[in-house]
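Dear colleague,

Please find the structure we discussed below, handed over for your use. My notes on what was found in it follow.

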Amino acid sequence: MLDAYDPSAVEAKWRRIWEERGDHRTDLESPDRPFYNLAMFPYPSAEGLHVGHMVPYSGVDIHGRWRRLHGDNVFQPMGFDAFGIHSENYALKIGQHPARVMRRAVTNFRENQLKKIGAMFDWDHQVNTSDPAYYHWTQWLFLRLFEAGLAEWRDGGVLWCPSCLTVLANEQVEGGHCERCDSVVEARWLRQWYLKITNYAQEMLDALDTLDWSESTKLMQRNWIGRREGARIVFDLAGCERTDVAVFTTRPDTLYGATFVVIAADHPQLEEFVPTERRGELNAWRNRLPGPEAEPDFSVGISLGSWAIHPLTGQRLPVWAAPYVLNDYGTGAIMAVPAHDDRDLAFATAHELPVIEVISGGGSNGAFTGHGVMVNSGEFDGLPSEEGRKRIVERLATARRGEATVTYRLRDWLISRQRYWGPPIPIIHCPKDGQVAVPDDQLPVLLPEVEDFRPTGTGVSPLATVEDWVNVTCPRCGGPARRETDVSDTFLDSSWYYLRYPSTDFDDLAFDAERTRRWLPVDMYIGGNEHAVRHLLYARFVMRALRGMGLVDEPEPFKRFRAHGMIVKDGHKMSKSRGNVVNPDEYIEKYGADTFRLYLMFLGPYTAGGDFRDEGIVGVTRFLHRVWHATQLATDRDEADEVRERRRHGLIGGVDEDIAGLHFNTAIAQLMAFSHDLDQEATAGRGRRIDAETLLLCLAPFAPHITEELWQRTGHDESVHTRGGWPEHDAALAARTEVEVAVQVNGKLRGTMTVAAGTPQAELRQRALELPRIVELLDGAEPRAVVAVVDRVVNVVL
RNA sequence: GCCCAGGUGGUGGAAUUGGUAGACACGCCAGCUUGAGGGGCUGGUGACCGCAAGGUUGUAAGGGUUCGAGUCCCUUCCUGGGCACCA
């Protein structure tokens, strides 16, 4: 009589043994088949991990365990993205110091949650971005970028969140609102640190084609980089200090339709575009402009009183300024072609500016933005616009008034944050020497302990108030100087953490060259598509920059990336504020980690996501009970059974293929079907031992605890998770010898027949026509055609 | 508005990529198991007609290509995601 399956006892037992034996530690020095299996690390919060985290981690672990069974030396680390506004805001809310809050949250995440799902994370290589041992090297990284000319301190119009009291990167603003707190953001002009990611726009765009990533992710990156081909066209100016202005357009073919020129309202040299006497008026207007609200208003603008000279016709076009033209895209100025651009048309209508159609084909309403035949375009009349575009650019080039050019929508990466909870940017501002790097041997610049870490709202970080920390001597001239008081963006922390994991045991360098050569790029990276552009793009940039410095060999950090789906609850992302968080702890306690993992993976396709509900979990419970029963009762040693060998090899190949493609749900379906058969045989006393072993090995990545227990119980001393333990697969043995072929009449199923696999078409036709049912339906008639597809179908056409 | 991905039983989802639609589960129904609880096992279960054999119909809607369409093409609707004053 078997004892009952008690998940909590089994799981506690093996968690303890694995930890004692160090089963999840990876020998990083071994040159043998390294496989870097990476999951995006979480930011610790007080809420703890919810089901939305457990799904991805379970999948990552299944994939890692599967690689290990295939013989790879799998490194599967985990860490914590513990710096940043998220963490700080929470600390502010509960009125405790973020360092303390994070210590507690990290412990909870690791000990009470991550360890309990039975994942084989190598905790010897954990990373915590808020730990000085880590951010020492984040600062080091910043200095390398600084030295390479990729970090720049400059003025910029920035987006400011009045509630978070800090600048936001473009990506942190959604429709004019702060993505964190939803406040309406304001525009400010501040001196900030930018990383010059735009230098790599083209390279990163091109390299996407070489990456094995989810297509959806690559597409988002392509759109984000936003390469646009067009022309830069120079207009001479009259009536103002400035002599000319360049505009960018993707439609040089519409040049003859330009009826005015618009300069961005926040153009830094806007004053140069007006007659001197009107500067006061201009500035007054500028100061009254509303902030970057969600809804753009295309009617807002001011005539500057100066003129732009059309480079081909010599006509004088009025120059305007308007906020609908963006300063940080293209050249910050446009030629307005109201007939062929909706925004220009709206502006022209509001200000009664002329509209000239230069591409025929438009209807009566709105601007025509398509292509067509050119009209009102002088010598270019009659040309198709695609052709005219080239000709006009050629003409401009000869006249030295323009050239073909490419513009990207990607902006430089603004990393300054006027907050407390981040790595201080390791720069010293010296009145004499300017921006001076903190010498490497003085790193890390420790985040000073302060009582009041609340953001100040004045545009400077709370660190600015720590006088004895701020005031230093200049490393270059020894004179009095001040530290940079902003901290860096969290995304800088996470832009290089995959480089740190393999080298956490080196405290005198960021990453060891040899280790890095061996372990990077990451072989498999799994994470959410919410990081498709920012994190993944920043990481790619950092890797490329480091390679440019000769510090790493590879240009790309992640060889393969797969986006998992997002698990929602009642149609919404899980969040405490919404009150729809599903806590995994309760499920693990009630059903066990194995059942829970299996259930999460069985819910639906891993890369699709879906709505969480727990209706079917009992199905998985039954499945594991059956495995418990079947494998222990299967003792028959008949290994020569051809039919059952076919089934067994089918399982091995099928599960293998499914895991490789991250189709965990269908892999589990196969395991269920197999266990069902085996259980019936085992109950009848003829279950094969080899089938039991195969089932346990194939199930091991999904349900690591129960399979380990049963492996031991069925007489094995070594672990079921041993490297290289995946059962051998012989596709030939898995191949079917008999197949059922469908017989259709006019495409409708009318019967089936069982034939030997590979039966040729001619024989299939003949046998189909001999079927009594078919003879009956034919009723003596001669079929017009009989289509036969080997091993599939015969279609009799009447 | 633009760009993606997707719409399959009562439910979650399968479908070798143009070849027997609904695998595997949940739920439900019936039967068995004599420890009455959300236990275990066996069988059934898209809809409609039929005692049955069998037939008709069926993958968001409509059209098309094909011997054959959930799968390919066109149009429309809906859902999810990304971008959205980026010239």
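In this predicted model, RNA strand B is surrounded by 57 residues, and the closest of them are Tyr324, Gly619, Glu740, Gly747 and Arg792. Sorted by class, the surface near RNA strand B comprises 25 nonpolar, 20 polar and twelve charged residues. The element that gives the most to this surface is helix H20 (residues 664-683), with seven residues.

As to chain A in general, it holds 25 helices and 35 strands. Its C-alpha atoms fill a box of roughly 100 × 85 × 45 Å along the principal axes. Of the 798 residues in chain A, 43% are buried. Among the contacts with a separation of 6 or more, 71% are between residues 24 or more positions apart.

One has five strands in the order S2-S1-S27-S28-S10, and the pairing is parallel. Strand S2 (73-75) and strand S10 (212-213) stand at its edges; each has a single partner strand, so one side of each is without a neighbour in the sheet. Strand S1 (residues 34-39) is joined to S2 by three bridges, in the parallel sense, and phenylalanine 35 stands opposite valine 74 in S2. Helix H2 packs on this sheet and touches S1, S2, strand S27 (524-528) and strand S28 (560-564); the direction of H2 makes about 175° with that of S1.

H2 (residues 51-69) also meets helix H17 (residues 593-602): their axes come within 9 Å and cross at roughly 100°. An angle of 65 to 115 degrees counts as roughly perpendicular, and H2 and H17 are therefore roughly perpendicular to each other. On the H2 side the contact is made by Met54, Val55, Ser58, Gly59 and Ile62, and on the H17 side by Arg597, Leu600 and Met601. By class, this contact has five nonpolar, two polar and one charged residues.

The other open sheet has four strands in the order S6-S5-S9-S20, with antiparallel pairing. Strand S6 (166-168) and strand S20 (413-414) are at the edges with a single partner strand each, so one side of each is left without a neighbour in the sheet. Strand S9 (residues 186-195) pairs with S20 over two bridges, in the antiparallel sense, and tyrosine 194 stands opposite leucine 414 in S20.

A further antiparallel pair is formed by strand S13 (residues 260-264) and S16, which four bridges join. In this pair, phenylalanine 260 stands opposite alanine 336 in S16. How do the side chains of S16 (residues 333-336) point? Ala333 and Met335 point one way, Ile334 and Ala336 point the other way, and all are buried. In a regular strand, side chains alternate between the two faces of the sheet.

Helix H3 (residues 85-94) has Ile85, Ser87, Glu88, Tyr90 and Ala91 as its buried residues. Their cover includes helix H4 (98-114). After H3 comes glycine 95, with a positive phi near 70°.

Some backbone features may also be of interest to you. Most residues other than glycine have a negative phi, and most peptide bonds are trans. Arginine 33, although not a glycine, has a positive phi of about 45°. Arginine 33 is found in the loop between helix H1 (7-21) and S1, and is partly exposed, with 14 other C-beta atoms within 10 Å. Glutamate 352, likewise not a glycine, has a positive phi of about 55°. Glutamate 352 lies in the loop between helix H9 (342-351) and strand S17 (359-360), and counts as exposed because it has 6 C-beta neighbours inside 10 Å.

Which peptide bonds are cis? The bond from leucine 443 to proline 444 is cis, with omega near -5°, and so is the bond from leucine 520 to proline 521, with omega near 0°. Proline 444 is in the loop between strand S23 (434-437) and helix H11 (467-470). Proline 521 is in the loop between helix H14 (513-519) and S27.

Lastly, aspartate 236 lies in strand S11 (residues 228-238) and is partly exposed, with 15 other C-beta atoms within 10 Å. Leaving aside neighbours within four places in sequence, aspartate 236 is in contact with Thr243, Asp244 and Ile309. The C-alpha atoms of aspartate 236 and arginine 316 are separated by 9.6 Å, although the two are 80 residues apart along the chain.

With kind regards

Technical notes: Residues numbered from 1 in each chain as written. Chains lettered and ligands numbered in written order. Buried ≥ 20, exposed ≤ 12 C-beta atoms within 10 Å, placed from the backbone. Pairing = 2+ DSSP bridges. Near = placed C-beta within 6 Å. Nonpolar A, V, L, I, M, F, W, Y, C, P; charged D, E, K, R; others polar. Contact = placed C-beta atoms within 7 Å. Axes fitted to C-alpha atoms, helices over the stretch in contact; angles between N-to-C directions. Parallel < 35°, antiparallel > 145°, perpendicular 65-115°, else oblique.
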